[in-house]
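Look at the chain from end to end before reading on.

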Amino acid sequence: MADREAAARLFRHARREAMVVLVVWALALAWSVGYCYLYGYEHSADSWVVQAGLAPPPDARTFRPVAGFPDWVVYGIVLPWLACTAFTIYFALFGMTDDDLGAEAEEGADRGH
């Protein structure tokens, strides 16, 4: 009974951790692709993203370097990577559960091969 409960707990923890990683990955993807699409390309004045006010009109685009990179690269790629790296370190140290995976097979033991 204990092995079955331990396996179920291991599965729940792994599923929870996978869902957290999937959500963070999806958010980072949506931000990076969306931000780079809106600010990394010049859109025509009659495009829907300019009309909705999501992207700047072509005449308002200026090159604004941040640390030697275009601003859209810093805010659309570099900062999300840094945020994901910080999240990964935090999640690995404090968010993941260290579960027992069972007894290891002895060295040199016959494994039925």
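In this predicted model, a nonpolar patch on the surface is formed by Met19, Leu22, Trp25, Leu29 and Val33. Together these five residues have about 520 Å² of accessible area. One of them, Leu29, sits in helix 1, which covers residues 2-40. Leu29 counts as partly exposed because its relative accessibility is 42%, and the range for that class runs between 20% and 50%.

Now take the protein as a whole. It contains three helices and two strands. Read from the N terminus, the order of these elements is α-α-β-β-α. The protein has 113 residues, and 19% of them count as buried. Its accessible surface comes to about 9000 Å², and carbon and sulfur atoms account for 64% of that area. Contacts along the chain can also be sorted by how far apart the partners are in sequence. Among contacts between residues at least 6 apart, 50% join residues at least 24 apart.

His13 and Thr97 are 84 residues apart along the chain, yet their C-alpha atoms are separated by 6.7 Å.

A pair of aromatic rings is described by two values, the distance of the centres and the angle of the planes. The structure holds five aromatic pairs. Trp31 and Tyr35 make one that is stacked, with 5.3 Å from centre to centre and 25 degrees between the planes. The pair counts as stacked because its angle of 25 degrees falls under the cut-off of 30 degrees. Both residues lie in helix 1, four residues apart, or about one turn of the helix. An α-helix has 3.6 residues a turn, so residues three or four places apart point the same way. Trp31 is partly exposed, with a relative accessible area of 46%, whereas Tyr35 is buried at 16%.

Tyr35 also pairs with Tyr39. That pair is tilted, with 4.6 Å between the centres and 35 degrees between the planes. Tyr35 and Tyr39 are again four residues apart in helix 1, about one turn. Tyr39 has a relative accessible area of 25% and is therefore partly exposed. Ring pairs link Trp31, Tyr35, Tyr39 and Tyr75 into a cluster.

Charged residues come next. Side chains of opposite charge can pair when their charged atoms come close. How many salt bridges are there by the rule used here? The count comes to two. In one, the side chains of Glu17 and Arg16 meet, at 3.6 Å from N to O. Glu17 is buried, with a relative accessible area of 12%, while Arg16 is partly exposed at 35%. In the other, Asp71 is joined to Arg64, and the closest N and O atoms are 2.8 Å apart. Is Asp71 buried or exposed? Asp71 is buried, because its relative accessible area is 8%, under the 20% cut-off.

Asp71 leads on to helix 3, which spans residues 71-95. The buried residues of this helix are Asp71, Val73, Val74, Gly76, Pro80, Phe91 and Gly95. Helix 3 has a kink of about 30 degrees at Val78. The kink lies shortly before the proline Pro80, a residue that is itself buried.

The last stop is the loop between strand 1 (65-66) and strand 2 (69-70), where Ala67 is placed. Ala67 has a phi near 55 degrees, which is a positive value in a residue other than glycine. Ala67 is exposed, because its relative accessible area is 76% and the cut-off for that class is over 50%.

Terms used: Residues are numbered from 1 along each chain as its sequence is written. This is a predicted model: local features need pLDDT of at least 70, side-chain atom pairs count only at pLDDT 80 or more; totals for chains, interfaces and linings use all residues. Side-chain values use heavy atoms; hydrogens and water are left out. Buried means under 20% relative accessible area, exposed over 50%, partly exposed in between (1.4 Å probe, protein chains only). Patches are made of residues with over 30% relative accessible area and no salt bridge: like charges are joined within 9 Å, nonpolar side chains (Val, Leu, Ile, Met, Phe, Trp, Tyr) within 5 Å. Accessible areas come from the Shrake-Rupley method with a 1.4 Å probe; for residues, only the protein chains shown count as cover. A salt bridge is a side-chain nitrogen of Lys or Arg within 4 Å of a carboxyl oxygen of Asp or Glu. The bend at a residue is the angle between axes fitted to the seven residues ending there and the seven starting there. Rings of Phe, Tyr and Trp (its six-membered ring) pair if their centres lie within 6.5 Å; planes under 30 degrees apart count as stacked, over 60 as edge-to-face and the rest as tilted. Contact means heavy atoms within 4.5 Å.
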